[in-house]
Amino acid sequence: MADVGGANLGGLNERAGYAAGGWLGPLARAQYKALARLRWQMFANGLRSNKGVLELGARTFGMIIYALMGLALGTGMGVATYFLALGDKWRYLPILFWVLTFIWQMIPVMLASFQEQFDLGILLRFPLRFGSYVLLYLVFGLVDISTILGGLCCVGIWFGIAAAQPGLLLWTTLALAAFALFNILLVRAVFAWIDRWLAQRKTREILGAVFMVGLLSMQLMNPALYEKRHSGRSGHQQQAEQIREAQARYSPLLKKANAVQQWLPPGLVAAALREAVEQEPAQALGALGVLGMYTLLVGGVLAVRLKAEYRGENLGSAPVRDKAGSGRSKATASLAFPGASSAERAGGWAAGGMVAGSGPIAAVMEKDVRCLLRTLPLLYAIGAPLLLVLVFSGIFIKNGAVQGPVFPLALPACMVYAQLGFTQVFYNSLGTEGAGIQLYFLSPTPFRTVLLAKNLLHASLFAVVALLAGVLTSLRLGVADTAVIAATVAWLLFSLPCNLTAGNIFSLKMPYRVNPGRISRQRGSQANALLSLVVQLCILAVGAAVFALSWFLNDMWLAPPIFIILAAGALLVWRRVLANADAIAFGRRDAIMATLMKES
Amino acid sequence: METAAIQTHGLTRRFGALTAVEDVTLSVAPGQFFGFLGPNGAGKSTTIKMLTGLLEPTAGTVEILGQPFGAGALDLKRQIGVVPEGMALMGRLTATEYLHFVGRMYGLDRETTNRRTRELLEFMQLANENKKLVTDFSHGMQKKLALAAAVIHGPKVLFLDEPFEGVDAIAAGMLKNMLTGMINRGATIFLTTHVLEIVERLCSHVAIISKGRLVANGSIEELRTGVASTLPGTEGEQRLTLEEIFLSIVGAGGQQEQAPELTWLT
């Protein structure tokens, strides 16, 4: 039984002097104290190692960045709300709340693998009440980055309305508190259910298929959009005509959408504030009541999931229905394997060599492809930048026409986004191995061969994503100048080995465990995330400097040879690091295995 | 003189101020079924990790089949099989996929890997679980799969860290037969387990480690004779069990007597 800070979680029962009570009773309160102390001790113990101190520094830095982002967003929201309230333009308020909901719900998905989260499942062996479990689940969610950003935005909106309409203070507080509660519960519920679905192979494959269909649809949608826009470039008059046509066509749809959104939480909170301004307290209360029902509904959905977890469902071993006929098969009489004869060994690769196409390289690549196809979060991380490219390329388009001066460099800029999705894949390439990492140390395959196989696979995947991103950008913005295409390809040839080299070093020196079946409640590593970002920025800075030089000298053909020379250097460094991979890996095998095999 | 299958000299491992294993020198002859015993935290897993290249010794040497063994001894690694403490499984693969992967990592060609995978899954009674991912396996099934992976390349020396933990009685019986068969065909097995009955039935030689130091080493009969001679009234009349020998050597008998009674337990 764990004795935590003098308070024994398991022994805190009536016999030990604590009355059980409810979820705020003496037993529960003692458990909360013990848990708070446990977290503190885990934090303090974590600082005993250099890695722990580095993690703390990175986390603090990250928090400052997010707090600044939150303040900027909150200020922006506050100013926008102030002017909307001042100008009595309440009908536009739902837009702000929809944006806020989007930020609140999407940020955890984007940052899930980088945030350290505490798995409360380990507490289930203690006499913890369900109410206490739910409370702890929600309290631990409050330190989530999305909640901090969302909360700061709510505070901004509160100040905006308070400054413009001081009489609405009470209503605003009430409405924003209800809205915040709804979002907190929704984001937790979504994650809890996604984790559940990802834990089962069949649902995981269905989700993967839906995800791929989504990506393909995006690709197909894009040419269609481009075609429309392209035909719209024929003249201002025709363009204006088309806009009028579109308004006439889509206006009824927008009205319908508006009617629907009014009944959804962001619309309801805006409606409650608007009704309060119009001195309609009953209708304002009604809107808040419906919002409260949504909150209850989402809370109920979350509770169903938490109840299952509370009853002991372990997502790591999600129930799989046994086949009726899966009885024991008869064992074969005996097994007598001789040691691997030379004929049985895969076609004579040298143990110390790095021959492309040798058995272990193909085996590692094959295994990683299988694992990748069963790991939705990683597929998402790789595919999401394509969505970003789609959104990002929109910056260069205005009223259906491509904007002038920035456009020529849009292709390399979009490629940068495509590469960002591979950060986790490049910089933590061993993260999903779990206990399997032991096999790499036990088998007669050199570690550099394992890393080479992973690098080859990741480079191939990146080539596919970069090609798709290039096609996407060309369809959205038109085909770039040949010199820009050549420079972009040359830059990729430079940045890829740079990222792979740094990624190999990070994977061996700063790995962190990734549970492939989960989006939330990952351990993550702030230090890895932050330092890999710094390395990526350095690579980008070199690329930007070469592009700027070529741009300044008005000769974009200058960039490709420079990048090719840099790429040759980067390849040499990559080869050297790979050659040293065994020394690094075996020198750090204790730490690597301890980190990657850690369960919680 | 015959070359030892496993030979250590002064094997030591320190973690900061803590000495987990100190000056362990032992020799395991080819074809021996060797039991390595010790109480919790005595240093068994640390020793097996050093013997298999998963942990670097602070001092001392390891020789396997007469050659120095370290992390980089790739050819020697082909001769050994290991079921380590963490089982080295990959949860996102099926059992078949995992065994294919392991076989190829050990240098077997595809055809041999496929054949042996089939046979091993049949033998381990895992052939019907082909659609399940390893992560969805029970602990016992995972142990069987880990053992299958350890022998797929036909190792000459097999290291097993708690291989029977969580395995049901029927499967355990089969595994014992398989291991005995390997010994009969000349393999060497180094086994750690807390189930002394298994060691007594299978192993010809035993070493006992306590607080990081080797406190006994020899055949079971030698240990029995040695312990019996120190206990009054046991000579000649009583045949000591391995459990009695073990408790006598690691001194747990005394500890049991000194342990306070937990009167608050119902």
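This is a predicted model: local features need pLDDT of at least 70, side-chain atom pairs count only at pLDDT 80 or more; totals for chains, interfaces and linings use all residues.
A residue is buried if 20 or more other C-beta atoms, placed from the backbone, lie within 10 Å of its own, exposed if 12 or fewer do, and partly exposed in between. Residues are numbered from 1 along each chain as its sequence is written, and chains are lettered from A and ligands numbered from 1 in the order in which they are written.

**Exercise 1.** Classify the exposure of B:Gln125 and describe its backbone.

*Solution.* Step one: locate B:Gln125 in the loop between helix H4 (110-123) and helix H5 (139-151) of chain B; helices (H or I, at least four residues) and strands (E, at least two) are DSSP runs, numbered from the N terminus. Step two: B:Gln125 counts as partly exposed because it has 19 C-beta neighbours inside 10 Å. Step three: its phi is positive, near 60 degrees, although B:Gln125 is not glycine. Most residues other than glycine have a negative phi.

**Exercise 2.** Carry out the classification for B:Lys211.

*Solution.* Step one: B:Lys211 lies in the loop between strand S9 (205-210) and strand S10 (213-219) of chain B. Step two: 16 C-beta neighbours inside 10 Å make B:Lys211 partly exposed. Step three: B:Lys211, not a glycine, has a positive phi of about 50 degrees.

**Exercise 3.** State the confidence in chain A.

*Solution.* Step one: the mean pLDDT of chain A is 77, with 74% of its residues at 70 or more.

Key. pLDDT is the predictor's confidence in each residue, from 0 to 100.
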